[in-house]
Amino acid sequence: ATICVKNKLAEKITFKLDGKDSEGTKVTKELIVQNDGKECVFEIPKGIYTYEIILANNEIFKKGEYKFEEEITIIVNKD
């Protein structure tokens, strides 16, 4: 799977992804996305991941779980 993150906030964000591939190997990715920018991670093994979106002041903006099965673009905005 390819995962892209678009940042529509006024400040840069850090997008952290944690999960395991089909063999149980830990997969961890971290993207720093500038405001109004877009970053992508390619060839992520399909599976269920926990994610965190962290603001520039280290405050957690959003966190949760997501099942990645195909290419996706996550748009981060104030809503």
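I started at phenylalanine 15 and skipped its neighbours within four places in sequence. Beyond those, phenylalanine 15 is in contact with Val5, Lys29, Glu30, Leu31, Tyr51, Glu52, Ile53 and Ile74. I note that this is a predicted model.

Next I looked up the largest nonpolar core. I find 17 residues in it. Phe15 is among those with the most contacts inside this core, along with Val5, Ile13, Leu17 and Ile44. β5 gives the most, with four residues.

Then I turned to the cysteines. How many disulfides does a search of the whole structure find? I get one. Cysteine 4 and cysteine 40 form it, with their sulfur atoms 2.0 Å apart. The pair links distant parts of the chain. Cysteine 4 is in strand β1, and cysteine 40 is in strand β4 (residues 38-41). The two are 36 residues apart. I also noted the handedness of the link between cysteine 4 and cysteine 40: right-handed, with 105° about the S-S bond. For my own record, a disulfide is a covalent bond between the sulfur atoms of two cysteines.

Last, I checked accessibility at both ends. Is cysteine 4 buried or exposed? Cysteine 4 has 8% relative accessibility, so it counts as buried. The cut-off for buried is under 20%. Cysteine 40 has 27%, so I log cysteine 40 as partly exposed.

Definitions and conventions. Residues numbered from 1 in each chain as written. Predicted model: local features only at pLDDT ≥ 70, side-chain atom pairs only at ≥ 80, totals over all residues. Heavy atoms only, no water. Core = buried A, V, L, I, M, F, W, Y, C linked by side-chain atoms within 4.5 Å. Buried < 20%, exposed > 50% of the residue type's maximum accessible area, 1.4 Å probe, protein only. Contact = heavy atoms within 4.5 Å. Disulfide = S-S within 2.5 Å.
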